[in-house]
Amino acid sequence: MLTLTDVKKSFGAHEVIKGISFQVEKGESFGLLGPNGAGKSTLISMICGLIPNGAGEIRVNGKLVGKHLKETKQIIGVVPQDIALYPTMSAMDNLMFWGKMYGLSGKKAKARAKEVLNIVGLTERGKDRIETFSGGMKRRINIGAALMHEPQLLIMDEPTVGIDPQSRNHILETVKSLNEQGLTVIYTSHYMEEVEFLCKRIAILDEGKLIVSGTKKDLNNRLAGGIVLKLTVGTLHPSFIEQVKKLNGVEKVIVQTAEELDVHLQSKMEIVADVILLASQSGVVIHNMQLKEANLETLFLQLTGRSLRE
Amino acid sequence: MKKILSICLFEIKRTFKKKSSIVLMLGMPLLFTFLFGSIFGKNADITFRIALVDEEQTAFSKDVIQKLMMDEMISYELVNALEAEELLARNEVQGIVTLEKGIATKLRNEKPPATFQPSLGMSTAPLVIQQVNQAMQAVDIYVAASQVGGFYFNESWESVYGRITENEGRIQAWTEQKTNAPTGHPMMGISYSSAGFSIMFVMIMMLSMTGTLIEARQAGIWSRLFTTPVTRFQVLLGYFLSFLIVGWIQFFLLILLSSTLFDVNWGSPAALLLLVTALLLCVVGLGIAIASLVKTVDQQHAIGTLVIISTCMLGGVYWPISMVPDVMRKIANFVPQTWAMEGLTTLIADSGTIGDIFMPLIVLLGFAVIFLFIGLSRMKYV
Ligand SMILES: Nc1ncnc2c1ncn2[C@@H]1O[C@H](COP(=O)(O)OP(=O)(O)O)[C@@H](O)[C@H]1O
Ligand SMILES: [Mg+2]
C-alpha cells in the first residue's frame, strides 16, 4: 500500500526528515508516534504529494508519488492537522465541496455526504454552519471530508488535538471501525494511548528519525516487565546518581529536576532495595518513591531521554 | 473543468451567504450615491442659490456668467448689487458672487478675481469659489489669447476677444460639449456619483473577495486543496472566475438600481460590459497582488483600503478630475480609476461607443496584466 525508502527532507539548511523507511500493508493500522516537531506533518505532506520529498522514494500502491500525483492523491484521504473547512458554510456543503474536488459528481457528492455524516455521527447537524460546531464536531467533519471519495488509505495528522474526551473517544471508535472494515489507516499522534488503542504497528519518530518500529507486541517485548522507579529526594548527589547507574539491572537514569530522579529498571524488584540502601549510604533523603509500569511513553523516554509531551 | 466550476460556484455561494457582502455590494454604494448625488445633484431637494452681480459687463464676464449658469449643482441668479444684498438679507440666496469691474485684466495678475460673500454657516462656499474660479479660468484662456492678439493687431483686447469667441463657435460650445450630446443626457451630479461609487465599492468588494485567498491559505484550506487531485491552475482559475462573476453581478445590480432609482443612463451596454470587465480584471489583479504581498487578512484589508481610498481620490472618483490642480491630474494618469471614470463618463455623458473608450480599455487591461503578474509570481500556495 505504502512504501517509504530512505526519505529525506530539508527546509533550507535544516534537515527535518533524516532518512526514513517503512512500509504499510493493505488493511493495516499504522501509528506514527512522536513529539511536536518530530517531523510527522512534514512526512505526511510528502506522502500526500503536498511538498516534494528531498531524497528517497515514496510509493503508493506501487506508484511513485510525484510522478503519478493525480493517481496517488486519489488513493489517499488526508485529515490535516488544522481544521481545513469553510466556517461559514454548512457541514453538508463542506463535505460536498471536498467530494467534488476528488471528482465526485454533484449527485454522488450529496449522497456520499449523507453517508459520511452518518459515519461521523453528525447526521442531524448537516445543515448547520461549521462555525456553530464545537471543536470536537469540527474535527469529526474534518475527518469526514477525507472520507468523501472513499479512499483506500486514510492518513490522519493528530486528529484529536484540543478536543473533549467524549469527541476523542468517538473519533477513535470511528477510525477503529473504519479500519476493521478494511480501510488502511496511518495515524499520527503524540498521545501514546491513542496509538496504542488504534494501531497494530507503531513507529516512533524523533527529530526526523525512526527510533523504533514494530508491532505493539514487539515494542512491549522491548519493554518486557520494564519498571520505572520515580524518586523524590532532598538533594541529589552526583556520586549517588553514578552509583545507581552502575547497579546491575538499571537501564537508564534520568534526572528530571534537582529533586526528582527516574530510574528505569528491568523487572528485578530487588534492585529497588539496593537503590534505597545506596541512598541511605550516601546521605540522600528519600521523600517519595513510586513504581510505574513501562509503556510506550517510557520506551520513548528510554530511547531519547526526553518525554513525549514536553 | 468541472472542478474549476465547482470551486467558482462554491466561492460565489459563500460570498452571497455572508450578509456583509450584500451590504457591501449594494447597500453602501446606493446609500453613498444617494447622499452624494443629492448634495451635488439636480434632483436634490436642497438647491443652492447664489446671487451673481456683474459689475464688469463685458463679453468676458458674460461668458463666465453663461458658464456658471449651466451648472447643475448651484443655481445662480443674475441681479444688481443692491438686489443681491436684499436677497442675502432675506436669506433667499446663500451667497453673492461679484464679478468686479476690470476682473478680466486683473485675472492675468492677481487672484482672486471675484469677491465672494457667503452667508454664515454655508458649507458649500469652497465649492462655489472653486466653480467661479474654474469658470473664469476656462474663459481666461481666451482672454490671454485676446491680449496677445490685441498686442499684435494693435487693437483693444476686448474687441479681439469678442471676435474670437464669436468666430470660434463661442465658448458655450466648449462648455456645453457634454450637454450637447445627441441623447441630451447631461452628466448630472448623481450620474457622476453613481459611476464613482460603483467603482469604489466594486473595488472594496473585490478586495474583500480576494482576501479569501489569504484566509484559505491561513486556514490550511489551500494545503488541503493541494492534497486533492486538483491543480494550481484549476484552483486559481476557479477563484478568479468567482471574483469576476461576483463583480459582474455587483456592477449589473448597481447599474440596474441606479438607472431605475436615479435615472442614470449608462450608455451602450456592449461598451459598458467591456469597460466593466476591463476594470474588474484590473481590480481583481490589484486584490490578488496585495494578497500575495501580505500575510494576514487584516494586513490586506488595511493596505487595500488605504490604496483604494487614496487612488479613488486621485482618480476622480469622488469629484471630477478637472477640479484638481495640474500636477495631480498628471499623477492621476497612473491610477486605474482615472481611466475607469474617463471611460464611464464617456459612456454616460457622451453616449460613447466602444471606439470612444478604446484608450481607457487598453490602459485598464495594461494595469490588469501588471497586477496579475505581480500577484501570481509572488503568491505562496502552501
Ligand atoms: N515549511 C517549513 N519550513 C521550514 N521548517 C519547517 C517547515 N515545516 C516544518 N518545519 C520544521 O520541521 C520540523 C518538523 O515539523 P513538523 O513536521 O510540523 O513536526 P510534527 O508534525 O511532528 O509536530 C519542525 O522543526 C518545523 O519547524
Ligand atoms: Mg504536526
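Mentor: An oxygen atom of ligand 1 lies 2.8 Å from a polar backbone atom of A:Lys40. The backbone of A:Gly37 also takes part, with a polar atom 2.7 Å from a ligand oxygen, and an N or O atom in the side chain of A:Ser41 is likewise 2.7 Å from an oxygen of ligand 1. Such polar contacts are pairs of N or O atoms within 3.5 Å; within protein, one must be able to donate a hydrogen and the other to accept it, and residues adjacent in sequence count only if both atoms are side-chain atoms. On its own, ligand 1 has 560 Å² of accessible area, and the protein covers 59% of that (Shrake-Rupley method with a 1.4 Å probe; for residues, only the protein chains shown count as cover). Two elements of chain A, β2 (14-24) and α1 (40-47), each give two or more residues to the shell around ligand 1; the largest share, three residues, comes from α1(A). Helices (H or I, at least four residues) and strands (E, at least two) are DSSP runs, numbered from the N terminus.

This is a predicted model, in which local features need pLDDT of at least 70 and side-chain atom pairs count only at pLDDT 80 or more, while totals for chains, interfaces and linings use all residues. Residues are numbered from 1 along each chain as its sequence is written, chains are lettered from A and ligands numbered from 1 in the order in which they are written, and side-chain values use heavy atoms, with hydrogens and water left out.

The shell includes A:Phe11, A:His14, A:Val16, A:Pro35 and A:Thr42, a residue being near a molecule if one of its heavy atoms lies within 4 Å. By class, the shell has four nonpolar, six polar and one charged residues; Ala, Val, Leu, Ile, Met, Phe, Trp, Tyr, Cys and Pro count as nonpolar, Asp, Glu, Lys and Arg as charged, and the others, Gly among them, as polar.

Turning to the charged pairs, there are twelve salt bridges over all chains, each a side-chain nitrogen of Lys or Arg within 4 Å of a carboxyl oxygen of Asp or Glu. In one of them, the side chains of A:Asp93 and B:Lys17 meet at 3.7 Å, N to O. A:Asp93 is in helix α3 (residues 91-101) of chain A and B:Lys17 in helix α1 (residues 2-17) of chain B, so this pair joins two chains. A:Asp93 is buried at 13% relative accessible area, whereas B:Lys17 is partly exposed at 29%; buried means under 20%, exposed over 50%, and partly exposed in between, with a 1.4 Å probe and protein chains only. B:Lys13 joins A:Asp93 and B:Lys17 in a network of salt bridges.

Within chain A, the side chains of A:Arg168 and A:Glu194 form a salt bridge of 2.7 Å, N to O. This pair links distant parts of the chain, 26 residues apart: A:Arg168 is in helix α6 (residues 165-180) and A:Glu194 in helix α7 (residues 192-198). A:Glu194 is buried, at 1% relative accessibility.

A:Lys230 and A:Asp262 form another salt bridge, their closest N and O atoms being 3.0 Å apart. Because A:Lys230 lies in strand β11 (residues 227-233) and A:Asp262 in strand β13 (residues 260-265) of chain A, the pair ties together parts 32 residues apart in sequence. A:Lys230 is partly exposed at 25%, while A:Asp262 is buried at 3%.
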